[in-house]
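Trainee: Before I use the labels on this structure, I would like to see how each one is reached.

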Amino acid sequence: MTRILTRGLLAVSLAFGGAVAVTATPAAAAAKTYKNCTALNKTYKHGVGKKGAKDKVRGKTKPVTNFKVSNALYNTNKKMDRDKDGVACEKR
């Protein structure tokens with residue numbers, strides 16, 4: 001459905017000689033930006049991470065594996081990933 005709508009908008013734009021701003025995908029548009037990790041952890045208890053991310057740990061600490069996996073949500077809140085391991089606001 002989205003693909004058909006996008007094609008239609010593009011066709012109309014080309015017909016009138018203008019450009020249409022293509023909006024973000026529904027997943028990216030729905031990704032919320034949180035103020036800080038406390039706010040994010042109220043919704044996602046163990047943090048958010050991109051697909052394929054692994055929590056970086058030191059010593060005998062076990063890595064967090066039950067974080068919410070969402071590339072769009074992670075990219076929106078990437079600034080909160082202090083150790084740059086692909087998981088923002090990880091919490092045990």
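Predicted model: local features only at pLDDT ≥ 70, side-chain atom pairs only at ≥ 80, totals over all residues.

Mentor: Residues are numbered from 1 along each chain as its sequence is written, and side-chain values use heavy atoms, with hydrogens and water left out.

Trainee: Why is leucine 40 called buried?

Mentor: Buried means under 20% relative accessible area, exposed over 50%, and partly exposed in between, with a 1.4 Å probe and protein chains only. Leucine 40 has a relative accessible area of 0%, so the residue is buried. Leucine 40 sits in helix α3, residues 37-43; helices (H or I, at least four residues) and strands (E, at least two) are DSSP runs, numbered from the N terminus.

Trainee: What does leucine 40 touch, apart from residues up to four places away in sequence?

Mentor: Contact means heavy atoms within 4.5 Å. With those residues not counted, leucine 40 touches Tyr34, Gly47, Val48, Asn77, Met80, Ala88 and Cys89.

Trainee: Which residues make up the largest nonpolar core?

Mentor: A nonpolar core is a set of buried Ala, Val, Leu, Ile, Met, Phe, Trp, Tyr and Cys residues joined through side-chain atoms within 4.5 Å. The largest has 10 residues: Ala31, Tyr34, Leu40, Val48, Ala72, Leu73, Tyr74, Met80, Ala88 and Cys89. Helix α4, residues 71-76, gives the most to this core, with 3 residues.

Trainee: What makes cysteine 37 and cysteine 89 a disulfide?

Mentor: A disulfide is a pair of cysteine sulfur atoms within 2.5 Å. The sulfur atoms of cysteine 37 and cysteine 89 are 2.0 Å apart, and the two form a disulfide. The pair links distant parts of the chain, 52 residues apart: cysteine 37 in helix α3 and cysteine 89 in the segment after β3. A search of the whole structure finds 1 disulfide.

Trainee: Why is the disulfide of cysteine 37 and cysteine 89 called left-handed?

Mentor: The torsion about its S-S bond is about -75 degrees, so the disulfide is left-handed.

Trainee: Are cysteine 37 and cysteine 89 buried or exposed?

Mentor: Cysteine 89, at 5% relative accessible area, is buried. Cysteine 37, at 26%, is partly exposed. Cysteine 89 also has a positive phi, near 60 degrees, in a residue other than glycine.

Trainee: Why does threonine 38 count as exposed?

Mentor: Threonine 38 has 55% relative accessibility, so the residue counts as exposed. Threonine 38 is in helix α3, and its C-alpha atom is 8.3 Å from that of cysteine 89, 51 residues apart along the chain.

Trainee: How do you know that aspartate 85 has no salt bridge?

Mentor: A salt bridge is a side-chain nitrogen of Lys or Arg within 4 Å of a carboxyl oxygen of Asp or Glu. For aspartate 85, which is buried, the nearest side chain of opposite charge is lysine 56, 6.4 Å away. Aspartate 85 lies in the loop between α4 and β3, and a polar atom of its side chain lies 3.0 Å from the backbone nitrogen of valine 87.

Trainee: What makes lysine 84 exposed?

Mentor: Lysine 84 is at 64% relative accessibility, so the residue counts as exposed. Lysine 84 is also in the loop between α4 and β3, with a positive phi of about 55 degrees although not a glycine.

Key. Lys, Arg positive; Asp, Glu negative; His and termini not counted. Polar contact = N/O pair within 3.5 Å; in protein donor to acceptor, adjacent residues only side chain to side chain.
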